[in-house]
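Student: Could we go through the aromatic contacts in this model?
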Amino acid sequence: MSDKVIIIGGSHAAVACADHLRKNSFAGPITIHSREAELPYQRPPLSKGYMSGAVTLDRLHLRPQIWYADNQIELRLSSAITSINRQTKEVVTDSGERHEYGALVLATGADARQLPADLGGALPNAHVMRDIEDAHALMKMMEPGKRIVIIGGGYIGLEAAAEASKSGMAVTLIEAAPRILQRVACEQTADVIRALHQEHGVAIMEDAQITGILACDDGLANAVHLADGQSLQCDLVIVGIGISPNTQLALAAGLDVAVGVSVDEFGRTSDPDIYACGDCTVLPMNNMPTRLESVQNAHDQAAVVAQNIAGKYSRYYPEPWFWSDQYDMKLQIAGLNRGYDTVVVRPGKRKGAVSHFYFKGEKFLAVDCLNDGATYMICRKLLAGAKQLAPTVATDTDFDLRGLLKG
């Protein structure tokens, strides 16, 4: 029987899993199969610093090429796995090769949701923002004076709007929900970020439904039509309406799949020899199936998967954190605001800094820190240590939150 670990995907979770296997003294063969031609890279900076030129490609790489050789990790680029045979414990590549595994790790990530082709989603200048090819295509088109329409008022859409605005484009952002960040942030956070974009000349249209992207004679999108009859002229469209976990392999192999590949607290799928980690998974958190689309989850869940493959008993207890950079605003989020019923607004010590604390009753769930890094670091420690923070304490700006960390 093979002792080889095969990791499918070139994601942050894939590299973290391979890294932690070696750190946990796993001596067997490790192979990473990535469908992309580029060395595995960070995705979050693509819609932030990379598009503006502040982050170079070599800084995007999760590890340099030599790291894989030094750690005896075989990295196979442009190698897509097309099927899994659970009975023979083999995977099949797109070139027809078969490879046996002792343990298999699905780190297949997620793909950006696209508009249907009949709504104009397949037009050459209608793009999503997910991988490095998307970033390169957009960078060629984002020129001063051009008109861009961004569909989707989540973090990806807002980050793309910030980069387009900084490049001198005329930017309109459309959100179908009643407000931007409807699913992920409170009204107070949305209000700050909306105002920030408007200060930079971005037109934000909320509760706006699109009926389609229309093309001119050359086949390029030149207008976005709305349900209220408005037509927004454009030279470029970015679609940022969320991501869909890559579960096709898991489904075809007969694994349990919900809104992602279902895993337990050990990172195991319904097949004990197959694990999964990162954006493709749905995991148990506070007794609820949960999807966490974040670098934190990819890294930490992958570390637990590696420990268990290496024979060390380890459960995963998520400690979520996220971030978003827009203009000179750094939004840092700790915790998960699911089920909140109260928001406490607390000014930071620096000018313009503010944090929004989420509570469910008296229970502290999460915080959005806007240019308030000190509060963010304190709150991460509070949440990780299950320390109590009452709404009345968060409201009291004279109380130093660092005092809660003592004892």
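Predicted model: local features only at pLDDT ≥ 70, side-chain atom pairs only at ≥ 80, totals over all residues.

Tutor: Residues are numbered from 1 along each chain as its sequence is written, and side-chain values use heavy atoms, with hydrogens and water left out.

Student: How many aromatic pairs are there in the whole structure?
Tutor: The search finds 6. Rings of Phe, Tyr and Trp (its six-membered ring) pair if their centres lie within 6.5 Å; planes under 30 degrees apart count as stacked, over 60 as edge-to-face and the rest as tilted.

Student: Which class do Phe266 and Tyr313 fall into, and why?
Tutor: Their planes meet at 50°, so the pair is tilted, with ring centres 5.3 Å apart.

Student: Are Phe266 and Tyr313 buried or exposed?
Tutor: Phe266 is buried, at 9% relative accessible area, whereas Tyr313 is exposed, at 65%. Buried means under 20% relative accessible area, exposed over 50%, and partly exposed in between (1.4 Å probe, protein chains only).

Student: What about Trp321 and Trp323?
Tutor: Their ring centres lie 6.1 Å apart with planes at 35°, so that pair is also tilted. Trp321 is partly exposed at 22%, as is Trp323 at 28%.

Student: Which residues do ring pairs link into a cluster?
Tutor: Phe357, Phe359 and Phe364.

Student: Changing topic, where does the charged end of Arg63 sit?
Tutor: It sits over the ring of Trp67, 4.9 Å from the ring centre. The criterion is NZ of Lys or CZ of Arg within 6 Å of the ring centre and within 35 degrees of the ring normal.
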